[in-house]
Amino acid sequence: MKKKRAAAGILAVGLLTAVPWTAGFAEGPKWTNVNVYEEQDGSKFNSENYDFVKFSQIGTKLKAIEKQSNRVKVEVRGTSADGHPLYVVTIADPTTQGKFGKIQALRKQMFKNPGKAQDWIVDNPDFKVPIMINGSIHGTEFAGTDALLQLIERFATENDQETKNILANNILIFNVVQNPDGRVDATRFNGEGIDLNRDFITQSQPETRETVDLIKEWNPMVFLDTHGYVKNYAPNLQGLIEPCTPPHNPNYEYDLYNKWAYKQAEAMEAQIMSQKDKFSSNSLYQNMKGVYVPQRNDQDGWDDYPPIFTPMYAMYHGAYGHTLETPTNDWDGVRWMYNAIIGALNFATENKQSMITDQIEMFKRGINFDHPFHKDGFFPKAYILPVDEKDPTVTQKAVNHLINNDIEVVQAPKAFVVDGKSYPKGTYIVKMDQAKAGLANTMLWDGEDITNDTAAMYDISAWSLPELWGFKAVATQSSIDVTTTKVNKIAEQGSVSGKGPFLIPNSSVKSIELVNTLLKQGVEVKRDVKGNYYTEAAGNTISSAVKASGLQIESISKVPADATVLSSLKVAILKDGGMGKVQSNSGTKLALKRLGFDVTEVSPVEVAENGVNGFDVFVYSGTASLISSNLSEANKEFGLRDKAQEAKLKANITNFVANGGKYIAVGSSASQATKTLGLTDDTINVGGSNSNGIVKVNYEGTSLTAGYGQNDLGFVYRPAWYTNTGNDKVVATYDNSNDFFVAGHWRNNASAKGQAVMVKEQDKDVTLIGLEAGFRDHTDYLFRLLSNAIFEK
């Protein structure tokens, strides 16, 4: 990695653009929640590293710019997982049509009376439109934020005609460093190990929620997400600008998006090429003939199908979203990004009236329930969300999540009947004649099997919240004849009724969290062979914890005789620090934490050198390469150093199991590692690395699979199944039907039909779970497979 050369770095920035840095940018670092000895100079995953602007300097720089300009507002809109500030800069020229250029008045009409809003645009051509630019969501892709810093200074201080024209027509919202933790640590992820650009359906992280709040607040007409590094995808086409290859998510109004997004991509490309002579003598840039645009230059593999990516999520709020992938991690890469953004801004300025008219048309289609490019019946008229009276927590979480995403939810104050079925009062309803119907539907639909639609997918192909969070969402094409009230937010509060003993059902994440909370408080809890939980403690002893859980806990006559006392267990999970640019254990770690377990990450080297003494449970959830020393240079810091450490790690884990420790493997790679460790003699079968989706699973329904049943659901990512399981107890299998694969993309899946997907060794406490039970903190419904395996005796 390069050593920091502050003066050279500032000089390099000054040479990149006609806009000079101010004196404020030349100041020394002023640290904010950052230890100087922790901030990294570069990443091993980058082939180039340069003197990028360190996160510790950014707050000082932004404040210095703000003092010089009446156009700029600098805010801290929350903190990252590691506590770093999330900076947002808004730039608008108050001398042209006022600072916000009438957009606030327009927004009031966009979602209530979109036709009137479109008419208003015709009569008021001097309005401003919001454009949001997201900086470096992946921490090692430093160039995005550096380009944003240059743009911020330019639009704060310069008065050339191009700058004035852009500011006369636009409000610029810069999410300056969307992932401060990653920039400080020179990793792709935030401090929890989560790839934030996979988090926009779940929104599990504070950085994601901050970005969602900004998108809801502004509903930007254009959303630009800065990334790197893509070069040589095609001869002399350097960098990448979306729009994407098929398949396109059918919940978009894609005709409205693509009408402008493709032309805007061409405008960005043209701006980059017009500045070609200003790049360095690097032949990559000097020989550049254009930019790689997936929709134009490829057939598949760079799709916009899942709403997990930032620009794809923004598209459901009407934005023309683009991922921008700069070619190189250097100042040329910063220049490329800067020019691409200027091209996008100029195009938006020239076409704002037509572009925002079509943005509003998306909301209009939703409100009018008029989707001209969708088959009749694709969108239901409504989703009905019934509530489990004893455990309403999953549905309540879903309702709050929908509301937090600008989706309107109503509640029925009395019983009603739809499609011949009666629903009680308190049932929630999501009517689909609303502005953001596409977002509502993509969150609530079952998904589809797109295996035969495309050869390859970039990431996940199924994400149904009802199926993977575990609540009911009943789609109907019928009108719902009941008066409803709008729901703004649900305050969850549980209750205890009766004198005890009390049953805690094995029904949700919250129920297991309650069990672990009581155990940590010293309350005795028992578990029966069916997997339910009981306590004979007094009601007032458990009342506070139950209220916080949201569960409705009731008395029973007696605790089953087979119920055994639980203890509070210490869980270790093997840590993946970033193998192959993925922290593969992070989702399972967060699942365990949300279940209330005391969980500690231990690195492969720590396990090899120190063993896992002091822990009750060892969880392996991630790549099999963690237990290997045959690693690339970029991966060496995350795995084992040599064959001697491999042998020690294997011996320590084997001894842990032999001495009564519990071992759980989650997913295909962990299952393969378990075979390497000698803890199973099963044959581990694995689907393609591009395969993922929702599957039908038949669970045994007790103990290891308590709370699950026949014809139930699971989720796979690089699917696994087990054969030669004679020494195992098979507790779950893929459904033995041709349609066992429900939604997603999985070619050649027939060989997995009816095969074992969750097993336990008979002669040792080793459990293999072929499903992704803790995937990205998203598969809430499957989390209890982890707690079942931990508590099962």
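**Reading strands in a predicted model**

Guide: In this predicted model, strand β32 (residues 728–734) and β34 run antiparallel and are joined by 5 bridges.

Visitor: How do strands of a sheet pair?

Guide: They pair through backbone hydrogen bonds, either parallel or antiparallel. Here, the bridge partner of Ala732 is Met758 in β34. Strand β34 is also joined to strand β35 (residues 766–769), again antiparallel, by 3 bridges. Met758 stands opposite Ile769 in β35.

Visitor: How many residues does the hairpin from β34 to β35 pass through?

Guide: The hairpin joins the two strands through 4 residues.

Visitor: Is β34 (residues 756–761) mostly covered or uncovered?

Guide: Mostly covered: 6 of its 6 residues are buried.

Visitor: Which strands are the edge strands in the open sheet of 5 strands?

Guide: The order is β16-β11-β15-β12-β17, with antiparallel pairing. The edge strands are β16 (474–476) and β17 (485–486), since each pairs on one side only. Strand β11 (residues 382–385) pairs with β16 over 3 bridges, and Ala382 has Thr476 of β16 as its bridge partner.

Visitor: How do side chains lie in a regular strand?

Guide: They alternate between the two faces of the sheet.

Visitor: Why is Thr226 classed as buried?

Guide: Because its relative accessible area is 0%, and buried means under 20%.

Visitor: What lies by the polar atoms of the Thr226 side chain?

Guide: The backbone oxygen of Asn134 lies 2.7 Å from a polar atom of that side chain, and the backbone nitrogen of Ser136 lies 3.0 Å from one. Thr226 also touches other residues, including Leu148, Leu324, Met337 and Ile341.

Technical notes:
Residues are numbered from 1 along each chain as its sequence is written. This is a predicted model: local features need pLDDT of at least 70, side-chain atom pairs count only at pLDDT 80 or more; totals for chains, interfaces and linings use all residues. Side-chain values use heavy atoms; hydrogens and water are left out. Two strands pair if DSSP finds at least two bridges between them. Buried means under 20% relative accessible area, exposed over 50%, partly exposed in between (1.4 Å probe, protein chains only). A polar contact is a pair of N or O atoms within 3.5 Å; within protein, one must be able to donate a hydrogen and the other to accept it, and residues adjacent in sequence count only if both atoms are side-chain atoms. Contact means heavy atoms within 4.5 Å. Lists of a residue's contacts leave out its neighbours within four places in sequence.
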